[in-house]
Amino acid sequence: MDMGIAGRWALVGGASKGLGYGCAAALAQEGVNVVMVSRGREALEASAIKIRALRADSMPANSQNSLKNSPEILTVAADITTASGREAIFSLRQDFDIVVTNAGGPPAGDFRAWDRDTWLAALDANMLTPIELIKATVDGMAARGFGRIVNITSSAVKAPIDILGLSNGARSGLTGFVAGIARSSLAAKGVTINNLLPGIFDTDRLASNFATQAAKAGKPVEDIKAARIAALPGKRLGNAEEFGKTCAFLCSQHAGYINGQNILIDGGSYPGTF
Ligand code: NAP
């Protein structure tokens, strides 16, 4: 299926690894020009090279010069949760058609140990940063008659986990905000705003979570991982590629009537009917 977004411009946060990388790669494969952001320059540049090569691999022999197959892949090594980081991004360009908001998640822990600064850091990263990115881009999208915002949040918004209180709280704030503005006058101007809620995905972040749990339980990482996988309906972890393809569909021309939704992508782990 042609997603109908070749030649558009996307901003993807947290794009050097994991779910953000999956989204950047899938959009690039649809011919979207992508500005990839993450803090570590080396990993970011390596990922951009990988995406350019992916795009070349997926290029049909007879369409070497078609727009769909020649998107630009640019990088900004910056902390997207800071005002200066966002300035660096928007000094590169401002008229994004697609914005995938994403950065690292807050740490797990016991809420008794979290002070005001800890809360403010989580709110900054997982609520206020996506709101700032939305604020900076949606009016331009509306003026041009097309826009897609996809916020990578978490299945913990729908099924909270006690030790992830910082994530549950900050992301729920974002979710409430999005529910309101997605239904505002932006909707009539071709702008959709949705949240994509990952369950358990095989990324660096998950590997480090498993390592922490293993150290705490005094068990091998492989045992912790195997037990987690055994509890999943599909008996496997999600992968960044399938996450990215779902994100690309939500950003597509065809997804224009999907708006203000929280889309769970968890292999069926959430036990409810709705
Ligand atoms: P990951 O593999 O650790 O990748 C995170 C990416 O974000 C990296 O490219 C990282 O690069 C970048 N990043 C982190 N902080 C940043 C910042 N302040 N500014 C710019 N870039 C930043 O993580 P992931 O598993 O893909 O997770 C992505 C998001 O989904 C997180 O918010 C996570 O909490 C959430 N999530 C993940 C899962 C899962 O199973 N994987 C489940 C639920 C929710 P640098 O470190 O170089 O900046």
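Q: Which element gives the largest share of the lining of the largest cavity?
A: Heads up: this is a predicted model, where local features need pLDDT of at least 70 and side-chain atom pairs count only at pLDDT 80 or more, while totals for chains, interfaces and linings use all residues. Residues are numbered from 1 along each chain as its sequence is written, and side-chain values use heavy atoms, leaving out hydrogens and water. On a 1 Å grid over the protein atoms alone, a cavity is a set of points where a 1.4 Å probe fits but cannot get out, and lining residues have an atom within 4 Å of a point. Helices are DSSP runs (H or I, at least four residues), as are strands (E, at least two), numbered from the N terminus, and the largest share, five residues, comes from α4.

Q: About how much space lies in the largest cavity?
A: Grid points get joined across faces, edges and corners, and a volume is the space filled by probe spheres set on the points. Counting cavities of 30 Å³ or more gives one. The space in the largest cavity is about 70 Å³.

Q: How many residues of the lining of the largest cavity are charged?
A: Asp, Glu, Lys and Arg count as charged, Ala, Val, Leu, Ile, Met, Phe, Trp, Tyr, Cys and Pro as nonpolar, and the others, Gly among them, as polar. The lining includes Ile80, Asn102 and Arg171. It splits into seven nonpolar, four polar and, for charged, one.

Q: Which residues are the closest to the centre of the second largest pocket?
A: A pocket is an open set of points with protein on both sides within 12 Å along at least five of seven lines. The second largest pocket has a volume of about 210 Å³. Of its 15 lining residues, the closest to the centre are Arg236, Leu237, Gly238, Asp266 and Gly267.

Q: Is Lys235 buried or exposed?
A: Lys235 has a positive phi of about 55° even though it isn't a glycine, and you'll find it in the loop between α7 (221-230) and α8 (240-250). Buried means under 20% relative accessible area (1.4 Å probe, protein chains only), exposed over 50%, and partly exposed in between. At 51%, Lys235 is exposed.

Q: What is the radius of gyration of the protein?
A: The protein has eight helices and seven strands. The globule rule, 2.2 Å times the number of residues to the power 0.38, goes with a radius taken over C-alpha atoms. For 274 residues the rule gives 19 Å, so the protein is as compact as a globular protein of that length, with a radius close to that at 18 Å.
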